[in-house]
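The entries below follow the order in which I went through them.

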Amino acid sequence: LKRKRRYFLNPLMFVDGFQSLADNLARDLDVRFDARVTKVERTASAVWVTANEHREEFDKLVITIDPEALASIMDMDQEESAFLGLVHYEDYYSTLCEITGLRGRKVYYLLDHIYGPRPGRLLVVGRPQRETNLWLAYAVAGEGMNGDDIVSNIREDVELLGGTIEKVVTQRRWNYFPHVKSGNVRRFYQG
């Protein structure tokens, strides 16, 4: 007896990939890629950035690096260092699989798992290129889970969607969504 799952079939994917979104958002901005930033200095009136052995002044700076790496390039006061110590990550797995049997959709969002949340269960599975059987599966691990646990859960979830994982091509684990939980923010500022 199969338990019926709630899932959302959504054909929404950027035709040219998510990079096209970033490109359009940054169209009128001074965005620099492949710049190895080695130092960030802040003064009352400016931000000085040293990148690729060149120092330049800015009024504002958006930093898009892992918060743990920030301390290596920027002097931080005690309060900033303490705040960075509260950063929490999701233990995220991206698993590339050959899957057969799923209907012709491009993306399945498993709403019970997304809004549940259900650690280690399949959140989203998508097929970036319709002409292949390669699907990307995304899951957030629970306490003590490893990649094999994730694959086992993904297999079960894909089967409930009507598909079969024929082969796991590769899997990557990464720290996803650095954030500070709201309760920690409140406690931090209340002392």
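**Salt bridges, notebook entries**

Entry 1. I began with a network of salt bridges that links Arg121, Glu156 and Asp157, bearing in mind that the model is predicted. For the pair Arg121 and Glu156, I noted that the closest N and O atoms are 3.0 Å apart. I then looked up accessibility: Arg121 is buried, because its relative accessible area of 15% falls under the 20% cut-off, while Glu156, at 40%, is partly exposed.

Entry 2. Next I turned to Arg173 and Asp91, whose side chains form a salt bridge with an N to O distance of 2.7 Å. Since Arg173 is in strand β9 (residues 164–179) and Asp91 in strand β5 (residues 88–100), the pair joins parts that are 82 residues apart in sequence. I recorded Arg173 as exposed, at 55% relative accessibility, and Asp91 as buried, at 18%.

Entry 3. I then looked up the salt bridge between the side chains of Arg42 and Glu80, which is 2.8 Å from N to O. This pair links distant parts of the chain, with Arg42 in strand β2 (residues 37–42) and Glu80 in helix α3 (residues 78–84), 38 residues apart. Arg42 counts as partly exposed at 42% relative accessibility, and Glu80 counts as partly exposed at 24%.

Entry 4. For the whole structure, I wrote down a total of five salt bridges.

Conventions
Residues numbered from 1 in each chain as written. Predicted model: local features only at pLDDT ≥ 70, side-chain atom pairs only at ≥ 80, totals over all residues. Heavy atoms only, no water. Salt bridge = Lys/Arg side-chain N within 4 Å of Asp/Glu carboxyl O. Helix = DSSP H or I, 4+ residues; strand = E, 2+ residues; numbered from the N terminus. Buried < 20%, exposed > 50% of the residue type's maximum accessible area, 1.4 Å probe, protein only.
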